[in-house]
Amino acid sequence: MRDIIKSLDEAVKFIDSKTSLRPEIGITLGSGLASFADLVDVDAVIPFAEIPHFSPSKVQGHPGKLVIGMLNGKPLAVFQGRIHYYEGHSMQQVVFPTRVLRRRGVKTQIITNAAGGIDPNMNPGHLMIIKDHINLTGDNPLRGINIDELGPRFPDMTDPFMPAHIETLDAIMNELKIAHSIGVYCGVQGPTYETAAEVRYLQTIGGQAVGMSTVPEVIAARHMGMDVVGISCITNLATGISNEKISHNDVTVVAKRVEKDFVQVLTQFIAKIG
Ligand code: HPA
């Protein structure tokens with residue numbers, strides 16, 4: 001376990017060698033949502049492949065870079081893209097970048113993703129503020145010997161997503177008149193999209209959106225005591241809710257379409273917190 005701490009510290013040291021900014025707000029940008037990083041007055045752009053112990057992402061729409069810089073006077077650390085469990089990485093590899101940000105001082109992690117809508121009232125382009133998640137990945141990044149230096153053996157998960165931040169986001173989206181809701185994100189392993197029967201199951205257990213990311217990062221972030229904020233961009237209706245077939249290309253096209261709204265929400269949110 002010392003190995004993980006050593007690896008984290010090596011990654012932190014490497015990032016320190018590129019920038020002296022130590023942001024308290026971190027953002028993970030999901031499929032098709034990467035352009036938010038263009039607003040940042042950049043101090044350092046570091047490809048994942050260069051950071052010690054980071055596993056490079058190979059998914060189209062996920063460039064895989066850490067951008068550190070300023071937005072409206074606030075330092076930010078932005079992951080443009082992420083790595084996914086379905087790519088074959090271990091859960092520990094998937095959450096490594098989140099852990100590195102925490103070790104460098106990030107206190108609030110904003111996690112975004114593209115997701116399928118399970119609630120039939122949603123339309124592609126809808127934004128869902130995540131209020132809770134259901135871990136259906138069949139794994140957990142905290143499995144194995146606990147690293148006490150990072151957090152407790154049995155972390156409480158009463159408020160995986162910070163209630164005050166949910167209210168702030170809701171108010172911002174109301175004011176901007178952006179179609180949105182507050183709901184539960186079901187995190188699955190993928191890479192197959194769900195069958196219609198699986199989606200009926202997800203409806204039964206109380207999900208409003210489904211996707212292949214986010215849950216591992218939220219678990220690792222809460223373990224380390226970070227405040228977490230989650231936003232899903234509903235890029236499609238889940239299988240069986242609509243008769244349209246789902247393609248990754250359509251997912252990224254819809255995410256791109258709502259990117260402007262999304263960027264506005266994020267910018268206002270960041271201005272309001274911390
Ligand atoms: N299911 C799972 N993951 C997704 C979907 C979906 O329908 N859309 C975007 N990511």
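Predicted model: local features only at pLDDT ≥ 70, side-chain atom pairs only at ≥ 80, totals over all residues.

Me: What makes strand β1 count as largely enclosed by the rest of the structure?

Reply: A residue is called buried when its relative accessible area is under 20%. In β1, which covers residues 25-29, five of the five residues are buried, so the strand is largely enclosed by the rest of the structure.

Me: Which residues of β1 point one way, and which point the other way?

Reply: Ile25, Ile27 and Leu29 point one way from β1, while Gly26 and Thr28 point the other way, and all of them are buried. In a regular strand the side chains alternate between the two faces of the sheet.

Me: Which other strands does β5 pair with, and in what sense?

Reply: β5 pairs with strand β9 (residues 227-237) in the parallel sense over ten bridges, and with strand β8 (residues 209-211) in the antiparallel sense over two bridges. Two bridges are enough for the second pairing, because the requirement is at least two. Glycine 117 stands opposite leucine 237 in β9, and glycine 116 stands opposite valine 210 in β8.

Me: Why is β5 described as largely enclosed?

Reply: Ten of the ten residues of β5 are buried, and that is why the strand is described as largely enclosed by the rest of the structure.

Me: Why is threonine 19 called buried?

Reply: Threonine 19 lies in the loop between α1 and β1. Its relative accessibility is 3%, and the term buried applies under 20%, so threonine 19 counts as buried. Leaving aside residues up to four places away in sequence, threonine 19 touches Asp43, Ala44, Ile68 and Arg104.

Me: Is aspartate 9 buried, partly exposed or exposed, and what decides the word?

Reply: Aspartate 9, which is found in helix α1 (residues 2-16), has a relative accessible area of 34%. Buried would require a value under 20% and exposed a value over 50%, with partly exposed in between, so aspartate 9 is called partly exposed. The C-alpha atoms of aspartate 9 and valine 100 are separated by 7.8 Å, although these residues are 91 apart along the chain.

Me: What makes alanine 238 a buried residue, and which residues does it touch?

Reply: Alanine 238 is in the loop between β9 and α6, and its relative accessible area of 1% is set against the cut-off of under 20%, so it is buried. Not counting residues up to four places away in sequence, alanine 238 touches Gly116, Gly117, Ile118, Val199, Val210 and Ile246.

Me: Why are helices α2 and α5 called oblique to each other?

Reply: The axes of α2 (residues 91-103) and α5 (residues 215-223) cross at roughly 55° and come within 9 Å. Roughly parallel would need an angle under 35 degrees and roughly perpendicular one from 65 to 115, so α2 and α5 are oblique to each other. Their crossing is right-handed. The contact involves Met91, Val94, Val95, Thr98 and Arg99 of α2 with Pro216, Glu217, Ala220, Ala221 and His223 of α5, and by class it has six nonpolar, two polar and two charged residues.

Me: Why does the word oblique also apply to α3 and α7?

Reply: Helix α3 (residues 163-175) and helix α7 (residues 259-272) pack at an angle of about 130°, with their axes 10 Å apart. Roughly perpendicular covers 65 to 115 degrees and roughly antiparallel begins over 145, so α3 and α7 are oblique to each other. The crossing of α3 and α7 is right-handed.

Definitions and conventions. Residues numbered from 1 in each chain as written. Heavy atoms only, no water. Axes fitted to C-alpha atoms, helices over the stretch in contact; angles between N-to-C directions. Helix = DSSP H or I, 4+ residues; strand = E, 2+ residues; numbered from the N terminus. Left-handed = near helix turned anticlockwise from the far one by under 90°. Contact = heavy atoms within 4.5 Å. Nonpolar A, V, L, I, M, F, W, Y, C, P; charged D, E, K, R; others polar. Buried < 20%, exposed > 50% of the residue type's maximum accessible area, 1.4 Å probe, protein only.
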